[in-house]
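Here are my notes on the two-chain model you sent. Please read them with the coordinates open.

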Amino acid sequence: MENRELIEIYFTEADDLLQRIEKGLLALEDNPDEPGCIQEVFRAVHTMKSSAAMVGFDTISEYAHLVENLLDRLRSGRLQPSRPLISQFLTGQSLLKTMVEKASRGEEPLSPVELQAQKEQLGRFMGLEGLEEPSPLLPALSPSENRQDHYYQIHLAFKEDLFFSGQDPLMLIRELQDLGEIIQIKTDHTRVPRLPDIDPFVLYLTWKILLKSRQSLSTIEEVFCFVRDEHPLKIQDVTGRFPEGVDPGLAEKRIGDLLLEEGIINPQDLQEAILEQKKIGQVLVEKGKVSENTLSRLMAEQEKSRTQFRKSTIRVDTHKLDELANFVEELSVNLSRVSHELEKNAQSSYRMVMEEMDRVEQNLREIREQVMRVRMFPLEGTFQRLQRMARDLAAQEGKDLNIEIHGAETELDKDLIEQITDPLKHCIRNAVDHGLEPPEERQKKGKSPKGLLTLEAFQREGKIFVRISDDGRGLDLDAIFKKAVENRLLSPEAQPTAAELQRLILLPGFSTSREVSDLSGRGVGLDVVQDQISRLGGLVEIFSSPGRGTTFSMSIPLTLAVMEGLRIDVGGESYLVPVSSVLTVRTVEEQDLKTIEAREEMLRFEEKYIPAVRLEAILGAPGREDNSHKIALILDSHKRRFALLADQILETKQVVIKGLEANFRSIPGVAGGAILGDGSVCLILDIYGLDRLIFGGTLGGNGRTNGSLP
Amino acid sequence: MNRDILIVDDSPTLQASLSFCLENAGYQILQAENGQKGLEVLAGLKEQEKSIDLIITDINMPVMDGIRFIREVKKTSFRFVPVLVLSTETERSLKDQAKEAGAAGWLHKPFRPEQLLWVVKKFIR
């Protein structure tokens, strides 16, 4: 195995651990009395520490170690799981995550100065220990529990081969550090030979340590229980020689520590000093050695390659692969039977071969499904990130909320998960920012002061539904109507239905919020959600009830790679149209079509006229230029409805989409190609792209832009 | 001659680095992700009338931790197989528990491959 492979295993594990830590902390916040949550977080942080150390990310390991120490106090009941403490842990988790991400890009996870500052931060909570620790009752009655400070003189004269007994002197010294304070440590390096003679696996050093600790001599001795027998060491209690109050260690401290302790600077000063440190690239630019452009181009390329590298690996549940292997096995059995039959007398075995071929096909279908399933991942991680985001946003806004999660185990294609994350974030922002009222307002309305945000996912009819609901104020239909009139989307006399008004908020530039808020008022409306979900062949629906809340419901196909298509014939060429975009199909007569301004053709559909489109004219494909098309597919691009004129429907077909970009440039309006049973290639239409191609970037409203609502 | 080592650890990174290092040195590796799974592996070996030369176990694992695992191993026919404990400095208080349970050695994480191989050689002769 290559080092790179190990590092990849580490990053996958680290992602997993970070998620477990976060999940545990959020659960702990809800159930502070649940010891299981702490234990789970503790275990994950612990594993984080040792696996990071194993691959050489010492800073990550060191920081995880500090977090672990603090968690240990929580676990043993010496600290209470207060909100600020849990927030501190969540901050710690974020920092670990940043560090892992930096490490994955080959950057230094944290500079020593930053690490020091973070240590101080955690140390602050460690300091609370004295306040929160219950003072022991009647200490006089427990003389065995010696709580006095002791001073131990420890002489570590390990033999040269200590390394090969599995011990690391540094680790042993760190263990001592955990038991108390190392006041003095003297290293004897007289045994170190000249550089060319050094054997890296031989221990040449010995140490004399002065340890201040409340632990008993036997506890100190335990640290060395696996080495004591073979290696000379001496531990003496020398408390008498060190009068209380003298701190001989002061001289050893770092200047940064001293300045902080003396209150001359605060951690923020330190942080600012850190921020002023310049990156190497920037320094080079300032010195005129490199141009700004060169630097940013190189950095962008580097970033791209790094993200690509991380995106290309996935972690797969082994039983999915096992099933896959089983199907392949069966398939090879089927095929060998077929060839066996063929070798025999062909006459008698014809039926048998056909039956076997049926089974082969069945198996292939299952293998295809299984391969798709390998790409599927539960939404759990995404939901967790969203939960965290909602929590942080609400805190920022002074809103209080409970978050409920249902169906986090629902699985979705890995690519799709990545692509729906942003739209989901947007809905969450919208819910927290606009939907949920501040606690006082809620109380006035007779609601619980705590808002409820629900994240829900489920699978139905080959689609994944993801819903984000809040129990806030609901959509203000009157405000939407006014805004729509203002933007000339509706005429002042229009009588739109509630559902029609609700859909309007998905249009570009539509925001009813009067003031720009910190959260969702970034000049980007919910049209981004609509855009992205449509691109994925999905659908956004809004359910809202005034005063009771709003639900954003997104349905998306299970995978991007397979599509249910309607194969149509247009002038002798066949095309596939995604079934999800087709509202209905109807026959057309010449009198149904009306030409406006001598070029735009319209078709009457449900009491109004919608644009009628000829594919041959748009794609420049061969076809008839006359009006002899017999059917029209009514399509919904989510921006508008339009009719696609065609000759006939050939079949419905499930196809694997093949991208065109590898061999051709991407063609607007075409999502890709599919290979048909006879080996010919059929283009798959991208309705969303087609809409763009035909109507440009103009605003639509389901073809009702002219205020022609019924 | 083939030597078999059972590695019990819940961290894929640790499993991978241990296996890599030991397999390169010619050892056969069996893996388990916690104490419970480790016992199952041993039970499986017994059924096939096979044995094992060394067990390397982590301490902090879900389902069944390393200390309990060692205690359970000592109740089986594998009780004479040396157990090497892999752990970190924070588990200090567990060190003597591990020794009492019957651990033969203690290896600090992180370790270097040379160190691991040497310790393993100490137990497998």
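The points below cover the predicted model, taking chain A, the interface and then chain B.

1. Overall make-up of chain A. Chain A holds 22 helices and 22 strands. Of its 710 residues, 28% are buried. Where contacts in chain A link residues at least 6 apart in sequence, 69% of them join residues at least 24 apart.

2. The interface. Contacts between the chains involve 30 residues of chain A and 27 residues of chain B. On the chain A side, the elements that supply two or more residues are helix H1 (3–30), helix H2 (35–54) and helix H7 (169–179). H2(A) gives the most, with 8 residues. Sorted by class, this side of chain A has 14 nonpolar, 7 polar and 9 charged residues.

3. Helix H1 of chain B, geometry. This helix runs over residues 12–24. The expected span is 1.5 Å times one less than the number of residues. After H1(B) comes Gly26(B), with a positive phi near 95°.

4. Helix H1 of chain B, packing. The buried residues in H1(B) are Thr13(B), Leu14(B), Gln15(B), Ala16(B), Ser17(B), Leu18(B), Cys21(B) and Leu22(B). Which elements do they pack against? The partners in chain A are H1 and H2. Those in chain B are strand E1 (3–8), strand E2 (27–32), E3 and H5.

5. Val63(B). This residue has a positive phi, near 65°, and is not a glycine. For comparison, most residues other than glycine have a negative phi. Val63(B) lies in the loop between strand E3 (54–58) and helix H3 (66–73) of chain B. Is Val63(B) buried or exposed? There are 12 other C-beta atoms within 10 Å of Val63(B), so this residue is exposed; the cut-off for exposed is 12 or fewer.

6. Lys109(B) and Pro110(B) are joined by a cis peptide bond, with omega about -5°. Most peptide bonds are trans. Pro110(B) sits in the loop that connects strand E5 (105–108) to helix H5 (113–123) of chain B. H5 of chain B is also one of the elements against which the buried residues of H1(B) pack.

Note on methods:
Residues numbered from 1 in each chain as written. Chains lettered and ligands numbered in written order. Predicted model: local features only at pLDDT ≥ 70, side-chain atom pairs only at ≥ 80, totals over all residues. Contact = placed C-beta atoms within 7 Å. Helix = DSSP H or I, 4+ residues; strand = E, 2+ residues; numbered from the N terminus. Nonpolar A, V, L, I, M, F, W, Y, C, P; charged D, E, K, R; others polar. Buried ≥ 20, exposed ≤ 12 C-beta atoms within 10 Å, placed from the backbone.
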